[in-house]
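Open the model in your viewer and keep the selection tool ready. This tour goes stop by stop.

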Amino acid sequence: MLLILQNYTDEYNEELGIEEAEKLRNVDREIIHEIEYKLKAPPTACYPLYFISVGDGTEERLVYVGKTSSKTHRFSGGHRATLKLHAPVYEGLSKHIYFGTVVFLDHEKKYMPLEFIQPFEDAKNLLSNIEAGLIYDLKPELNSIYLNKNHASFNMLVNVENHSRRANLLKNMQVSI
């Protein structure tokens with residue numbers, strides 16, 4: 001299984017000063033139409049996991065791992081973990097949010113995004129397993145559940161790739177769940 005991280009500021013081109021000419025060009029609309037005609041529209045890509053860190057460079061450390069949820073709008077009212085970042089211990093430290101997409105690899109190295117797993121209940125169970133295992137293994141200080149006992153239902157090897165331009169946090173590492 002592959003977990004690909006993207007920093008919020010990279011995804012939305014904030015604070016990076018990316019010139020318009022450097023952004024990805026739109027794919028030809030005829031090609032998109034042809035793909036959708038033959039294969040139908042794919043499921044919407046999503047970033048079902050998020051990681052909150054504090055600090056910069058070699059001093060950056062992971063403080064929270066969580067699942068996203070479109071039903072609860074995790075950050076609209078001030079998520080509990082983000083509110084804890086106002087504690088004096090985090091004063092003066094920069095705060096970062098990384099979003100992760102989950103991709104599974106089969107024995108032939110073919111990719112399958114979590115969004116393609118059917119039925120939906122199986123995808124939810126896989127995501128919960130990954131979240132619980134990552135929290136247990138990485139021990140982020142602001143998580144309050146899954147820290148002291150591995151609640152993952154089955155074993156997995158997670159390859160984490162950080163595709164962010166600004167950090168080395170969780171870059172190219174393997175986590176055994």
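**Stop 1: Leu-85.** Select Leu-85 and its surroundings. Leaving aside residues up to four places away in sequence, Leu-85 touches Ile-52, Val-54, Val-63, Tyr-90, Lys-95 and Leu-142. Contact here means heavy atoms within 4.5 Å. Leu-85 sits in the loop between helix H3 (80-84) and S4. Helices (H or I, at least four residues) and strands (E, at least two) are DSSP runs, numbered from the N terminus. Is Leu-85 buried or exposed? Leu-85 is buried, with a relative accessible area of 8%. Buried means under 20% relative accessible area, exposed over 50%, and partly exposed in between (1.4 Å probe, protein chains only). Now draw a line from Leu-85 to Leu-142. Their C-alpha atoms are 8.9 Å apart in space, while 57 residues separate them in sequence.

**Before you go on.** This is a predicted model: local features need pLDDT of at least 70, side-chain atom pairs count only at pLDDT 80 or more, and totals for chains, interfaces and linings use all residues. Residues are numbered from 1 along each chain as its sequence is written, and side-chain values use heavy atoms, with hydrogens and water left out.

**Stop 2: confidence.** Color the chain by pLDDT, the predictor's confidence in each residue, from 0 to 100. The chain averages 78, and 71% of the residues score at least 70. Which elements have the lowest and the highest mean pLDDT? Helix H1 (residues 8-11) has the lowest, 52, and strand S3 (residues 61-67) the highest, 93. Select residues 11-18 next. Their pLDDT stays under 50, and the model gives them eleven contacts beyond four places in sequence. Over residues 20-25 the pLDDT is also below 50, with two contacts beyond near neighbours in sequence. Where pLDDT is low, the predicted coordinates should not be read in detail.

**Stop 3: the whole chain.** Switch to a cartoon view. The chain has four helices and seven strands. From the N terminus on, the order is β-α-α-β-β-α-β-β-α-β-β. Of the 177 residues, 36% count as buried. Among contacts between residues at least 6 apart in sequence, 64% join residues at least 24 apart.

**Stop 4: paired strands.** Select S2 and S3. Six bridges join these antiparallel strands. Two strands pair if DSSP finds at least two bridges between them. Ser-53 stands opposite Leu-62 in S3. The S2 and S3 hairpin has six residues between the strands, and Gly-55 takes a positive phi near 90° there. S3 is mostly covered, with five of its seven residues buried.

S2 and S4 pair in the antiparallel sense, over six bridges. Ile-52 faces Ile-97 in S4. Of the eleven residues of S4, eight are buried.

S4 and S5 pair in the antiparallel sense over three bridges. The bridge partner of Phe-104 in S5 is Met-112. In this hairpin, with five residues between the strands, Lys-109 takes a positive phi near 65°.

**Stop 5: the cores.** A nonpolar core is a set of buried Ala, Val, Leu, Ile, Met, Phe, Trp, Tyr and Cys residues joined through side-chain atoms within 4.5 Å. Select Phe-51, Phe-104, Leu-114, Ile-130, Leu-134 and Ile-177. These have the most contacts inside the largest core, which has 24 residues. Strand S2 (49-54), S3, strand S4 (95-105), helix H4 (120-138) and strand S6 (157-162) each supply at least two residues. H4 gives the largest share, six residues. A second, separate core has ten residues, including Ile-52, Leu-85, Tyr-90 and Leu-142.

**Stop 6: salt bridges.** The structure holds four salt bridges. Each is a side-chain nitrogen of Lys or Arg within 4 Å of a carboxyl oxygen of Asp or Glu. Select Arg-61 and Glu-141. Their closest N and O atoms are 3.1 Å apart. The pair links distant parts of the chain: Arg-61 in strand S3 and Glu-141 in the loop between H4 and S6, 80 residues apart. Move to Glu-131 and Lys-67, whose closest N and O atoms are 3.9 Å apart. Glu-131 lies in helix H4 and Lys-67 in strand S3, 64 residues apart. Glu-131 is buried at 9% relative accessible area, whereas Lys-67 is partly exposed at 24%. End at Glu-121 and Lys-124, another salt bridge. Both lie in helix H4, three residues apart, about one turn of the helix.
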